[in-house]
Amino acid sequence: MPRGGARGTARDIPSATVGRLITYLRVLNGLESRGVTRVSSDLLAEEAQVSAFQVRKDLAYFGTFGTRGTGYTVSSLKGELKRILGLTRPWRVAIVGMGRLGQALADYPGLSEYDFELVAAFDVDERKLGTRHGTVVVRHMSELAAAVGDLGIEIVLLTVPVRAAQEAADAVVRAGVRGILNFAPTVVSVPPGVQVEPVDFLAALKRVSYFLHEEAAAAEEEVS
Ligand code: NAD
C-alpha cells in the first residue's frame with residue numbers, strides 16, 4: 001500500500017509485519033519511559049533489531065506518520081500502533097485449565113500492562129473450584145457460556161492437557177469466544193471467524209537447539 005494511502009486492516013497485513021509492529025510498540029513504550037519524545041526510523045530499527053528500511057516499509061502500510069529527517073513523535077506513533085493492533089481498550093480474557101500453567105499465568109501481573117484484563121478462570125477439577133489465583137476465582141466449565149455473556153469474555157488462554165484441548169476449544173467456541181491462545185501442543189479445529197494462535201515454548205527451544213547444532217556443525221566443517 002502506498003505511503004499516505006488508505007489505512008490497512010489486520011486482514012491485509014502480513015503476520016510477520018504484525019509481529020514487528022508489536023515489537024515497535026514495546027520499543028516505543030521503553031523509549032517513552034526513558035523520557036524520549038521523538039524517534040528516528042534508524043533508532044527504532046536499532047532497538048527492534050531490524051533494518052531502518054524494514055521499519056519504514058512496515059509503517060508505510062498505514063500511511064505516513066513521520067516527517068522525513070525529523071522522525072516520529074513517540075506518543076503519536078505509539079497511539080497509531082495501538083489503534084492498528086486493536087489495543088486502544090482492554091480485552092477481556094479468561095483462562096481455561098487452571099493447572100500449573102493456568103495458575104502461573106493467572107498469578108502473573110503483567111497481563112494488564114498490555115491491555116488484557118483477566119476476568120475469569122475455569123476448570124473441571126472439583127478440587128480447584130473456588131480457589132483464588134491473582135484476580136480470579138476458579139469456576140466450573142459448565143459456567144463458561146453464562147460467564148462469557150455476563151463478563152464479556154473475548155479471548156481464552158487454553159491451558160488444558162492435549163487430550164482435553166479439542167473438547168475445551170469446542171466449549172469455548174460454543175460459548176461465543178472468537179479468540180483462543182492455545183498452549184496445548186496440539187492443533188485444535190475451529191470454525192471460520194475464530195482465531196487460534198498457538199504458543200509453544202518447547203518448539204521455540206527446539207529451534208534454538210537446531211541453530212546451535214547447525215553452528216557447531218559449520219565450525220567443525222571449517223576445522224576439518
Ligand atoms: P496440568 O495438568 O497441571 O493442568 C491442566 C488443567 O486443565 C487441570 O487443572 C485440569 O483439571 C484442567 N482440565 C482438563 N480438562 C479440562 C477441560 N475439558 N476443561 C477445562 N479444564 C480442563 O497441565 P499444565 O502443566 O498446566 O499444562 C497445561 C497445558 O499446557 C498442557 O497441554 C501442556 O502441554 C501445555 N504447556 C504448554 C507450554 C507452552 O509453551 N505452550 C508450556 C507448558 C505447558
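Y108 sits in the loop between α5 (100-107) and β4. Helices (H or I, at least four residues) and strands (E, at least two) are DSSP runs, numbered from the N terminus. At 47% relative accessibility, Y108 counts as partly exposed. Buried means under 20% relative accessible area, exposed means over 50%, and partly exposed lies in between (1.4 Å probe, protein chains only). Y108 and T135 are 27 residues apart along the chain, and their C-alpha atoms are separated by 9.9 Å.

The model is predicted: local features need pLDDT of at least 70, side-chain atom pairs count only at pLDDT 80 or more, and totals for chains, interfaces and linings use all residues. Residues are numbered from 1 along each chain as its sequence is written, and side-chain values use heavy atoms, with hydrogens and water left out.

The largest nonpolar core has 25 residues. Such a core is a set of buried Ala, Val, Leu, Ile, Met, Phe, Trp, Tyr and Cys residues joined through side-chain atoms within 4.5 Å. V96, F122, L144 and I153 have the most contacts inside this largest core. Two or more residues each come from β3 (91-96), β4 (116-123), α6 (144-151), β7 (155-158) and α7 (162-174). The largest share, six residues, belongs to α7. A second, separate core has 22 residues, including V39, L44, A48 and Y61.

V96 was examined for its contacts (heavy atoms within 4.5 Å). Residues up to four places away in sequence were not counted. V96 touches F122, M141, V156, L157, L158, T159, V160, A168 and V172.

The ligand is surrounded by 23 residues, each with a heavy atom within 4 Å of it. The closest are L101, D123, K128, V160 and V199. Polar contacts are pairs of N or O atoms within 3.5 Å; within protein, one must be able to donate a hydrogen and the other to accept it, and residues adjacent in sequence count only if both atoms are side-chain atoms. An N or O atom in the side chain of K128 is 2.7 Å from a ligand oxygen. A polar backbone atom of G99 is 3.4 Å from an oxygen atom of the ligand. For F183, a polar backbone atom is 3.1 Å from a ligand nitrogen. Taken alone, the ligand exposes 860 Å², and the protein buries 79% of that. Accessible areas come from the Shrake-Rupley method with a 1.4 Å probe; for residues, only the protein chains shown count as cover.

N182 belongs to strand β8 (residues 179-182). N182 is buried, with a relative accessible area of 2%. Its side chain reaches the backbone nitrogen of A184 at 3.0 Å. Leaving aside neighbours within four places in sequence, N182 is in contact with L158, V188, V196, E197, P198 and V199.

Helix α4 (residues 74-84) has V74, L77, K78, E80, L81 and I84 as its buried residues. Seen down the axis of α4, these residues fall within an arc of 160°, so they line one face of the helix. The arc is that of the directions from the helix axis to the C-beta atoms. The buried residues of α4 pack against α1 (15-33), β1 (38-39), α2 (41-48), α3 (52-60) and β2 (72-73). Just after α4, G86 takes a positive phi of about 70°.

Strand β2 holds Y72. Y72 is buried, with a relative accessible area of 7%. Y72 and A45 are 27 residues apart in sequence and 12 Å apart in space, C-alpha to C-alpha.
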